[in-house]
Amino acid sequence: MMDADSFRRALGSFPSGVTIVTTSDADGEAWGITVSAFCSVSLSPPLVLFCPAVSARSHEVLRRAERYAINVLRPEHRTLALRCAKAGADKFARAGFRTEGGVPVLPSALASLVCRASARYDAGDHSILVGEVESVRVNDGPPLVYFDREFRELSPAPLLAPPGLVDRYRDRSLCEADGTDGSHAA
């Protein structure tokens, strides 16, 4: 049987990047929200999606938006990510956003994707918003990562076992003789 805490812990074991999704409403007011539920969907056409919580103050503005920007954050944007995750905060004060194509974009972001809304879906307590990418800006550097309910930075350490230790998967077959992957998952 699954409980809510176990579900949260399981999802927290999957690291994700951190983004701030921004748009402007019909009156020109800037809106933004911190989102870790973001991924690519298609290369041709170039599609991405993000999933804002229905409970977020900016949810309806983002759901109705025809254009928005997805700004992939760097470790130095941690404070801005926390600010944009809170309701009622002045999210854009001294943050360095600039308007591009009618939406706020963070030029110092690791990457910024300006998108035109493509599809909208209801999904429990979130929405799935798919956008077609119209323009991209990419900068060098490491990403800000969300893992185990905390912001983290990637380590520059290589993904190799230290001398004297053996990678426990290197010499194993991907599937056991019975066709399972050996993970004991149901």
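I began with Arg94, which lies in the loop between α3 (78-84) and β7 (98-100). I took helices (H or I, at least four residues) and strands (E, at least two) as DSSP runs, numbered from the N terminus. Phi of Arg94 is near 50 degrees, a positive value in a residue other than glycine. Is Arg94 buried or exposed? Arg94 counts as exposed, at 80% relative accessibility. The cut-offs I used are under 20% relative accessible area for buried, over 50% for exposed, and partly exposed in between (1.4 Å probe, protein chains only).

I note that this is a predicted model, in which local features need pLDDT of at least 70, side-chain atom pairs count only at pLDDT 80 or more, and totals for chains, interfaces and linings use all residues. Residues are numbered from 1 along each chain as its sequence is written, and side-chain values use heavy atoms, with hydrogens and water left out.

I then looked up Arg149, in the loop between β11 and β12. Arg149 is not a glycine, yet its phi is positive, about 65 degrees. Its relative accessible area is 44%, so Arg149 is partly exposed.

Next I went to Pro45. I found Pro45 in the loop between β4 (38-42) and β5 (47-50). The peptide bond from Ser44 to Pro45 is cis, with omega near 0 degrees.

**Confidence**

I checked pLDDT, the predictor's confidence in each residue, from 0 to 100. The protein chain has a mean pLDDT of 85, and 84% of its residues reach 70 or more. Which element has the lowest mean pLDDT? Helix α1 (residues 4-12) does, at 81, while strand β6 (residues 67-72) has the highest, at 97.

**Strand pairing**

I counted two strands as paired if DSSP finds at least two bridges between them. In the open sheet I looked at, 3 strands run in the order β1-β11-β12, with antiparallel pairing. β1 (16-17) and β12 (150-153) stand at the edges with a single partner strand each, so one side of each has no neighbour in the sheet. β1 is joined to β11 (residues 144-147) by 2 bridges. Within this pair, Ser16 stands opposite Tyr146 in β11.

I moved on to β9 (residues 111-123), which is joined to β6 by 6 bridges in an antiparallel pair. Ala69 stands opposite Val114 in β9. How many bridges join β9 to β10? There are 12, and these strands also run antiparallel. Leu113 has Val136 in β10 as its bridge partner. The hairpin of β9 and β10 has 2 residues between the strands, and Gly124 there takes a positive phi near 65 degrees.

I also looked up Ile128, which sits in strand β10 (residues 126-138). Ile128 counts as partly exposed, at 26% relative accessibility. Ile128 and Phe50 are 78 residues apart in sequence, but their C-alpha atoms are 6.0 Å apart in space.

**Cysteines**

I searched for disulfides, that is, pairs of cysteine sulfur atoms within 2.5 Å. The structure holds 0. Cys39 is in no disulfide, and the nearest cysteine sulfur, that of Cys51, is 7.0 Å away. Cys39 is partly exposed at 34% relative accessibility. Cys115, at 0%, counts as buried.

**Pockets**

My search ran on a 1 Å grid over the protein atoms alone; a pocket is an open set of points where a 1.4 Å probe fits, with protein on both sides within 12 Å along at least five of seven lines, and lining residues have an atom within 4 Å of a point. Grid points are joined across faces, edges and corners, and a volume is the space filled by probe spheres set on the points.

The largest pocket has a volume of about 1200 Å³. Its lining holds 36 residues, of which Val35, Ser36, Ala37, His126 and Tyr146 lie nearest the centre. Two or more lining residues come from each of α1, β1, β3 (30-35), α3 and β11. Which element gives the most? α1 does, with 4 residues. By class I noted 20 nonpolar, 9 polar and 7 charged residues. Here Ala, Val, Leu, Ile, Met, Phe, Trp, Tyr, Cys and Pro count as nonpolar, Asp, Glu, Lys and Arg as charged, and the others, Gly among them, as polar.

The second largest pocket has a volume of about 150 Å³. Its lining residues include Trp31, Arg57, Asp90 and Phe92. This lining has 4 nonpolar, 2 polar and 4 charged residues.
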